[in-house]
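Please keep the sequence and the coordinates at hand while reading.

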Amino acid sequence: MRTRLLTVLLALITAILVIPGPAATADEQGGESLHGRILHPENRDQGVEGIVITVHDGEDEVGAATTDSDGMWEVGLPGPGTYRVVVDQESVPSEFVLREGIIVDGETEVEVEANDQRPLIVALMSPGQAESEEESASPSEEETEDTPAAGDESIETNVDSGSSFGERVIQLTASGLLFGLVIAVSAIGLSLIFGTTKLINFAHGDLVTFGAMIALLFSTGAAGMGNSLLALFAGLGGAVLIGGFLENRLSRTVLLVAQGVSILLGIVLATVLGVLGDAVGWSVPLWLAAVVAVVMGAVLGGSMERYIWRPLRHRNVAMIQMFIVSIGLALVLRHVVLVLFGAGRERYAGFQLQEMVRIGPVEMPPRDLVVMVVAIVVLVGVACLLQFTRIGKAMRAVSDNRDLAESSGIDVDRVTLYVWGLGGGLAALGGVLYGLNQVVEYEMGFRLLLMMFAAVILGGLGTAYGAMVGGLAVGLVAMLSTLWFPSQLMQAWALALMILMLLIRPQGLLGRRERVG
Amino acid sequence: MDILSILAESTRSAIGPIAAIYALAAIGLNFHFGYTGLLNFGQVGFMLVGAYGVGVSVAVLGLPLLVGFGVGLLCALVMALLLGIPTLRLRADYLAITTIAAAEVLRLVYRAGFAEPLTGGVYGLQNLASDFRSINPFDGGERYGFGALSYSGNNLWVLVVTWTLVLLMVGVSWLLMHSPWGRVIKGIREDEDAVRSLGKNVFAYKMQALVLGGMAGALSGCMLAVYQAAIQPDQFKPQVTFFLWVILLLGGAGRVFGPVLGAMVFWFLMNFTEGLLQGLGSIGLLPFLETTDYGAIQLAFVGLLLVLLIVFRPQGLIGDRKEMLINVK
């Protein structure tokens, strides 16, 4: 061990001494410069040509540049220091104006370090674009640094500000209900998982993203990747089912072999389908894609429980450690989704431009109506499942008191598996519904996770009905807060509600009073 | 692909200013999790208020840099109190949920359009470092160092100051942990009820630890603002917190040098994997991936590292396994 360490250290020292500053040579090539790209405000793939940018040191002009056909510009600088950058307003095409941000009246000051090639953001906007549009005109994509495009991060309210106060209250109540239903559908799993295993699943938001992405994939046409994923999940699902149903009927080795074979078959099939690629392309309507997504979400949840959480519980890993594991899993899942599906912001095709339907005083597109109906049906279904079926009663029993349930003969591990399957499926469904209402992108789940946390704490951690009530309350509060406050503060209000609840009633609305500290 | 130059570049970053800044924030997290057992999943929020304390004071209000540092630390104090009062009396998971949510909400508020006069919205704030550079003893344009280990004068100045602060904080945490206060804090991590039954005010001790660690986080945010001379809200995404967790668990939670070692090893690994991926990509060994995916793969790798560490080596490189396994609740 010690000699190995020494070898590594020696290798490092040689590396440092032998290499004559690779980084130094790399960034000294151009000396100091300022550069950037000016993009067309409506079409972000296009640059704007012919804008003149001059750089001054005090009163002396040290350089100038004109954007090329892609909107790129670069000005070389004589050395480090503070420069004044002036964008010639005359050269900006008359249909745009400079967006005031860093640049004020076409001027800004920039500090440039030695050997620094600094990007400078210059953004345009249409003169009509009012301040309410500011968020969507955010040009963080223009940064040449590798920050992923993070344009509009707020949640759309779908309400135009022109109407009267009363109309807006009604309209916002409707969209609050919709948002709350989506939160409730996604959060039931989170709450039940906490109830049965005392684990806060920080990866739950990424199950939501997963569902939305899968539905997008299969509704726009699944080629090689979709088929491969399907095969992989079929293999995993088979293994989980074999494990779940035949656990006590087969010997341990047979069981392990059967599960291994199932997973292997899935991987082999996935490879074959991946190699075949687009030859077996197909696509289904969105509702069928949503069903596929729900099933795959359930498989993902179930296999996470079966192959990660159950072994960890049997190793007696402490709860706090488990939270950290779930954070790690969330990171893995989110970025695997990012690699597979990309960072784009997409919407389900064919559901965007719809004529509004008027029901009484409320006006909404048919897709939102469908989302609401589906969410209500699913919530009622889950409530019936929990209230009247054997497995539902068992879930509530385990959630109530794990040890007592176990001693009265309930197979706790199997119930937990079902809970994870149910939670994963519902999260995936929540993702599809959320994606229909908003946009689909790789961080949508994390943003919804914050609202889900607020919902489950509000309703009472561990109770399924609490998640429903809490979800509705959080959705309504978030949406109605935009009546008086900026919409970007929506999540802040949900959080404030949660903190208030923790102060006055830590067990939540429907939680049982017990010592939680 | 030149493996030696990747190694050299990784080493350069392991002792660079970024590693020092993360070490500082991880020391704060060590106060929270390593010693007190508090699950803070929102350390990046403390860094954000620290950085914006400097940013708003210097760039918008035109105050001197030192005042900016003061404002940043004060903001962290207020934030710790706001988070701690409702949650520290409850079970550990409530603090975890509240901090992760608060940090993200703070980022969304700071980047929002209505806050733009003060925070610069999505563009952030610029030109923050002139005060700091005016007292730079090194020549800003020169390069110092030997071989691959060379830094520009400005970076070297940040590097020296930040590592000094790190050492200072390491000293402070050593002294604190060997004081009666430190013994109570560790006692809370091991068994809160036992400490309470000895007549200690557990809530107050936890709050002190939360404030102290949060201020260390804010200090690192201030140094980040000074190092980059510009801040944008989107660099304070939740993954920064998770980097800090990996750093802490890699080095060893509950050890004074754990976060420092962890930060160096972590940034070495990050740059090494990045160099490796780019090297492999440039010779065509990664046919399915585009260069834009490398960042995502790295982050997935960080997540995997977090899982593997906590399952197989919860004590990290220099921690004590018994100590880390004791806080089983």
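The buried residues of helix H9(A) pack against helix H3 (165-197), strand E11 (362-364), helix H10 (390-400), helix H12 (412-437) and helix H14 (464-481) of chain A. Helices (H or I, at least four residues) and strands (E, at least two) are DSSP runs, numbered from the N terminus. The model is predicted: local features need pLDDT of at least 70 and side-chain atom pairs count only at pLDDT 80 or more, whereas totals for chains, interfaces and linings use all residues. Residues are numbered from 1 along each chain as its sequence is written, while chains are lettered from A and ligands numbered from 1 in the order in which they are written.

In H9(A), the buried positions are A:Asp368, A:Val371, A:Ala375, A:Val378, A:Leu379, A:Val382 and A:Leu386. A residue is buried if 20 or more other C-beta atoms, placed from the backbone, lie within 10 Å of its own. An α-helix has 3.6 residues a turn, so residues three or four places apart point the same way. Helix H9 (residues 366-388) has 23 residues and should therefore span 33 Å at 1.5 Å a residue, and the 32 Å between its end C-alpha atoms agrees; the expected span is 1.5 Å times one less than the number of residues.

Which residues have the most contacts inside the largest nonpolar core? They are A:Ala454, B:Leu24 and B:Leu306, in a core of 235 residues. Such a core is a set of buried Ala, Val, Leu, Ile, Met, Phe, Trp, Tyr and Cys residues joined through C-beta atoms within 7 Å. Apart from it lies another core of 21 residues, including A:Leu34, A:Val87, A:Val112 and A:Leu120. Leaving aside residues up to four places away in sequence, B:Leu306 touches A:Ile324, A:Ile327, A:Gly328 and A:Leu331, as well as B:Phe242, B:Trp245, B:Val246 and B:Leu249.

Chain B contains 15 helices and two strands, and 57% of its 329 residues are buried. The C-alpha trace of chain B spans about 60 × 50 × 40 Å along its principal axes.

In chain A, strand E2 (residues 52-57) runs antiparallel to strand E3 (residues 60-66), joined by six bridges. A:His56 has A:Glu61 in E3(A) as its bridge partner. Two residues separate E2(A) and E3(A) in this hairpin, and A:Gly58 in the turn has a positive phi of about 65°.

Terms used
Pairing = 2+ DSSP bridges. Buried ≥ 20, exposed ≤ 12 C-beta atoms within 10 Å, placed from the backbone. Contact = placed C-beta atoms within 7 Å.
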